[in-house]
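Hello,

Here is the structure for your files. My notes follow below it.

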Amino acid sequence: MKWKEEIIIKQPIEQVWRLFSDDNAKILYPKLEDHVLIENENDETGAKHAQSYMEGSQLQTYIVETILFEDSPNRKTRHTRFSMNGMFQIDYVFTLDKKPDGQTLFTYQGTQKGMTLTGKAMMMAGSRKRRQETVRDFVQRVEMTAGKI
């Protein structure tokens, strides 16, 4: 499964980029309980964090690796990857491009792959419409939150 969604945010690129720093992970992901650095340094390629989420009444922890972290004046990219329960591999790529008049083009793309037969079957059974709604909700949350931090 792949997705890609773009939106123009009426905020400068540096303002939007702050949302994607490790220090602001709990702002970007409101259901996040913990975001703990376990390897390398925050906000760099190769950083690994233990992220914990409540799923129902159970705390789930995933190791999230920053595959790519690029921060130039006109373009910023953060690519992260994690494995969920050994059944799925999930990649998120957030790209910000500087636009005229203090605006930013935000591109959110990613993939989710089944790593086991069960994982692949679960992905086939999932609702495509629901996944698209989740992606759009995230993009809208970024747009709304960017001006508030």
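Glu 6 is partly exposed, at a relative accessible area of 45%; partly exposed falls between buried (under 20%) and exposed (over 50%), with a 1.4 Å probe and protein chains only. The model is predicted, so local features need pLDDT of at least 70 and side-chain atom pairs count only at pLDDT 80 or more, while totals for chains, interfaces and linings use all residues. Residues are numbered from 1 along each chain as its sequence is written, and side-chain values use heavy atoms, with hydrogens and water left out.

Glu 6 belongs to strand S1; strands are DSSP runs of E, at least two residues, numbered from the N terminus. Leaving aside residues up to four places away in sequence, Glu 6 touches Leu 105, Phe 106 and Thr 107 (contact: heavy atoms within 4.5 Å). Thr 107 is 101 residues from Glu 6 in sequence, yet the C-alpha to C-alpha distance is 4.4 Å. Their side chains are joined by a polar contact of 3.3 Å, that is, a pair of N or O atoms within 3.5 Å, one able to donate a hydrogen and the other to accept it.

The sheet is open and has seven strands, in the order S1-S7-S6-S5-S4-S3-S2, with antiparallel pairing; a pair requires at least two DSSP bridges. S1 (2–9) and S2 (32–39) are the edge strands with a single partner each, so one side of each has no neighbour in the sheet. From one strand to the next, the twist averages 20 degrees (axes are lines fitted to C-alpha atoms; angles run from 0 to 180 degrees between N-to-C directions).

S3 (residues 48–55) pairs with S4 (residues 58–71) in the antiparallel sense over eight bridges. His 49 stands opposite Val 64 in S4.

Regards

Methods. Helices (H or I, at least four residues) and strands (E, at least two) are DSSP runs, numbered from the N terminus.
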